[in-house]
Amino acid sequence: MNPIETTPEKDTGNTVAFRRPRARDGKRIWEIARDSQVLDVNSSYSYVLWSQDFSETSIVAEVDGEPVGFVTGYRRPANPEILMVWQVAVDASQRGKQIAGRMLCELFNRCAPDGVTAINTTISPDNEASQRLFAAAARTLGLQFHREPFFSAELFPDAHEPEDLYLLTPAPTGR
Ligand SMILES: CC(C)(COP(=O)(O)OP(=O)(O)OC[C@H]1O[C@@H](n2cnc3c(N)ncnc32)[C@H](O)[C@@H]1OP(=O)(O)O)[C@@H](O)C(=O)NCCC(=O)NCCS
């Protein structure tokens, strides 16, 4: 079963559906990543494989039956309670409608019953949109939000920027 959750879009009348990706979505996900002109574009194979094998920790948003956004993620092997978000993108025609924020929240809420309590992601210092997106998701989900250094630029063989680790974690429970 692959349940589809739908939420009406107030501003356009369109309906955005959120669902797990399938292998056949990999092609469109690759196109959205490529067209973003911001993300590292991985091989088309990697998106098809990811859509097949990591569908439980990934999500696509659909408008009129066509994927318009995606989140790829996985549970960190050493800390499976953490959902590591690898890439997020929304097609330029659909931005500013809270689709990315809703994908993150839908995905987290879907994974929570399986023991996911936190989200991690890495963001380069110049990607303000991504920083704001995750800050907004933390507020919506009631998670704390902080940043720490993660991958320095020297680790990369090309001109890749450093990547900070952003941690969205549950607030400590006081007595
Ligand atoms: C970043 C991106 C995914 C946002 O998608 P979106 O559906 O338009 O985002 P949302 O409408 O859900 O916005 C969520 C929050 O991010 C903020 N935000 C989104 N795009 C922004 C931008 N370009 N600049 C500043 N803030 C932005 C919104 O204001 C909102 O915050 P708020 O609730 O506090 O107002 C989209 O612009 C994109 O695909 N960019 C290219 C790829 C990329 O940079 N991905 C992230 C790195 S993995």
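User: Hi! Is Cys105 buried or exposed?
Analyst: Cys105 counts as buried, because its relative accessibility is 12%. Buried means under 20% relative accessible area, exposed means over 50%, and partly exposed lies in between, using a 1.4 Å probe and protein chains only.

User: Good to know. What kind of model is this?
Analyst: This is a predicted model, where local features need pLDDT of at least 70 and side-chain atom pairs count only at pLDDT 80 or more, while totals for chains, interfaces and linings use all residues. Residues are numbered from 1 along each chain as its sequence is written, and side-chain values use heavy atoms, with hydrogens and water left out.

User: Back to cysteines. How many disulfides are there?
Analyst: A search of the whole structure turns up zero disulfides. Cys105 is in none, and the nearest cysteine sulfur, that of Cys111, is 12 Å away. A disulfide here is a pair of cysteine sulfur atoms within 2.5 Å.

User: Which buried residues does α3 have?
Analyst: Among them are Ile99, Met103, Leu104, Cys105, Phe108 and Cys111. Helix α3 is mostly covered, with eleven of its 13 residues buried. Helices (H or I, at least four residues) and strands (E, at least two) are DSSP runs, numbered from the N terminus.

User: What span should α3 have?
Analyst: At 1.5 Å a residue, the 13 residues of α3 (residues 99-111) should span 18 Å, and the end C-alpha atoms are 18 Å apart, which agrees. The expected span is 1.5 Å times one less than the number of residues in the helix.

User: New topic: how many salt bridges did the search find?
Analyst: Eight in the whole structure. A salt bridge means a side-chain nitrogen of Lys or Arg within 4 Å of a carboxyl oxygen of Asp or Glu. In general, side chains of opposite charge can pair when their charged atoms come close.

User: Which residue does Glu66 pair with?
Analyst: Glu66 forms a salt bridge with Arg28, and their closest N and O atoms are 3.5 Å apart. Glu66 lies in strand β4 (residues 66-76) and Arg28 in helix α1 (residues 26-36), so the pair ties together parts that are 38 residues apart in sequence.

User: What about Arg28 and Asp91, how far apart are their closest N and O atoms?
Analyst: They are 3.4 Å apart, in another salt bridge. Asp91 sits in the loop between β5 (79-90) and α3, so this pair ties together parts 63 residues apart in sequence. Arg28 and Asp91 are both buried, whereas Glu66 is partly exposed at 40%.

User: Where are Glu128 and Arg132?
Analyst: Both are in helix α4 (residues 128-141), four residues apart, which means about one helical turn separates them. Arg132 is exposed, with a relative accessible area of 59%, and Glu128 is partly exposed at 46%.

User: Last one: where is Leu155 found?
Analyst: Leu155 is in the loop between β7 (143-151) and β8 (163-170), and is exposed with a relative accessible area of 55%.
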